[in-house]
Amino acid sequence: MTQVTIPETLKKKAEEIFFRYPAEKRQSALLPLLFEVQREMGWIRPEAEAWVAETVGVSPVKVREIITFYSMMRAEPVGKYLIQFCQNISCCLRGGENILHHMEKKLGIHVGETTKDGLFTLRVVECLGGCSWAPMMLVNEDQYFVLSVEKIDKIIEGFRSGNPVAPDHPTPLLGNVAGEAVA
Amino acid sequence: MIGNGSVRLLSKNFDVPNMATLDVAMKHGAYDMLKRAMKLKPEEVTELVKASGLRGHGGAGFSAGTKWGFVPKDKFPRYVCVNGDESEPGTCKDRLIIERDPHLMLEGALICAYAVQAERIYIYIRGEYYYPAKVMAEAIKQAQAKGFIGQKILGSDWSCTVHLQNGAGAYICGEETGLIESLEGKKGWPRLKPPFYPAAIGLWGAPTIVNNVETLAFVPRILDIGPEKFAAMGSPKNGGTGLFSLSGHVNKPGVYELPMGTLLTDLIHKHGGGIPNGKKLKAVIPGGSSSHILTADECENLPLDFESVAARGSMLGSAAVMVIDETVSIPQLMHWMVRFYAHESCGQCTPCREGTDWLLRLSKKFLEGTARKRDIDDMWQLADNIDGKTICALGQAVAWPTKSYLVKFRHEFEALCRN
Ligand SMILES: Cc1cc2nc3c(=O)[nH]c(=O)nc-3n(C[C@H](O)[C@H](O)[C@H](O)COP(=O)(O)O)c2cc1C
Ligand code: SF4
Ligand code: FES
């Protein structure tokens, strides 16, 4: 087995996280720490899992329980770009399913798979809280709204060519909240 | 007022460039209301919020001031948790508050913490909100540097720290006791009730106020315009305005801030621009996917406030209004809806864990053309076996819409049956 070293940045991050809770409540750091491990290392390797258990001071089975309960925790590697496509009501009402099928064709994979070049993993998820901007998806940490076949093509080609389309940050204003300011 | 009955009270600065930065926010009055609140006694602040008629915007619509008053007198420490889990399908308004005016929410949370004399605030933001969480983290840092957060705030004896916590993809962590369990570093399994509110026994067993992002963002505005004026803006027992997340088949989906009690048909037609492509309205889900569906007829003359929507047999919930036109098949909608709850059931109670799974299988049969008439009754029975027999309200959240789809659109299910 290859040796996996825990990056120093993570160790520093752990101290920062413990600081958020009363001194004796170290278990609270479990989820944030796993989140950071995943962010830093791409996925949660068994060695990192063991390190988290040791650092937090809980049994390894507690850590396992958290990883299996929370759907965003990944105990296996994913592609460079993890696409999470919303399949809930508001997105489906605005044609999300067709756009998802188009994406499958475009990437040449089915939902749940990773492209051979390791670039994209495609997953469906439940409501991402962007229902007024439906259909929506996340690519890694970036949000993309009001998806169409054309927009998907641009986004995928952008990633392929190393020239990513800018994400929708911040979320554009839609509705009367976009109107002129009133006292 | 902008005309059309639209009122931007909470959202009035959403379109101010760089409102998330403290300098800009302070030019627009950020933290002035914290200063004003801290000149009052903590219990006076609670009374003021009570008088405003502010209701919880997270789903249950409970009076915010009343909840704050539940904190037991001599029990310390105390905590405030801001519920930014925003996972009820259809709901997408807290994301805008966090991204566009994070200091307003922070100020509201601090005023709440002052009112209940809490020493820590945890802001729980769903894991998928990477960008909103980044904005909030920066806002906290800036407010801390200016002394609005931390030791001896504004030179008083009261100290309070603020911490951000990310969720990790579990709808159930929006349920307030699930949220607390998650904050304690556990699976988000909701706690047995009673106690009915964590106000007495919450985070690490301490008194804890859990309020939604929007609820807290209203608090500075209440101090600003006064509770009477706030109360008068809404409808009876429903103070002020609300942010309505409008989605589905409307010409202008978006987030609309409107007085509580605004007519549903006004939201859809006047504000939302009506149904696209000349199609007819078939149904509306008025308060997130957990609410009973309303037929087009039931949408007429319906004021969007907690009591009125309940009187029509549904609920306002998180005020997420999903509009459904005549092209949509209700059995298809049922499948989308049930799939969500089957995925999100935390597995703690048997009726919910097993029931949602069976509902999912049966709902699929209608789409595959293998359903029989008895499947309709079986689905109703399954929903009834969940309803009221579970630890948390996710049970009802799937049972209620399921029953309403089956009862109100039975003919559509029958039409897909083989016998
Ligand atoms: C299954 C379930 C999911 C919930 N999800 C959320 C949520 O995402 N955000 C939220 O604010 N409240 C949610 N709630 C409601 C909370 O339990 C709680 O009532 C609310 O946070 C209290 O704040 P409020 O009084 O300001 O509304 C949920 C409740 C249930 C039963
Ligand atoms: S009702 Fe469902 S989600 Fe709620 S505690 Fe029981 S199993 Fe979990
Ligand atoms: S339904 Fe897709 S973001 Fe809410």
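Let's start with chain B. It falls into domain 1 (22–233), domain 2 (241–324) and domain 3 (330–415). Those bounds come from an automatic or database domain assignment.

A word on the source. This is a predicted model, where local features need pLDDT of at least 70, side-chain atom pairs count only at pLDDT 80 or more, and totals for chains, interfaces and linings use all residues. Residues are numbered from 1 along each chain as its sequence is written, while chains are lettered from A and ligands numbered from 1 in the order in which they are written.

Now, domains 1 and 3 of chain B. Their C-alpha centres lie 34 Å apart. Eight residues of domain 1 are in contact with eight of domain 3. Contact here is C-beta atoms, placed from the backbone, within 7 Å.

Next, ligand 1. Which residues come nearest? Of the 23 around ligand 1, they are B:Gly56, B:Gly58, B:Gly174, B:Asn212 and B:Thr215. A residue counts if its C-beta atom, placed from the backbone, lies within 6 Å. Domain 1 and domain 3 of chain B each give at least three residues to this shell. Strand 4 of chain B gives the largest share, three residues. Strands are DSSP runs (E, at least two residues), and helices are too (H or I, at least four), numbered from the N terminus.

Finally, the two chains. Chain A brings 44 residues to the contact, chain B 59. Helix 2 (30–41), helix 4 (60–69) and helix 5 (89–93) of chain A each supply at least two residues of chain A's side.

Conventions. Two residues are in contact if their C-beta atoms, placed from the backbone, lie within 7 Å.
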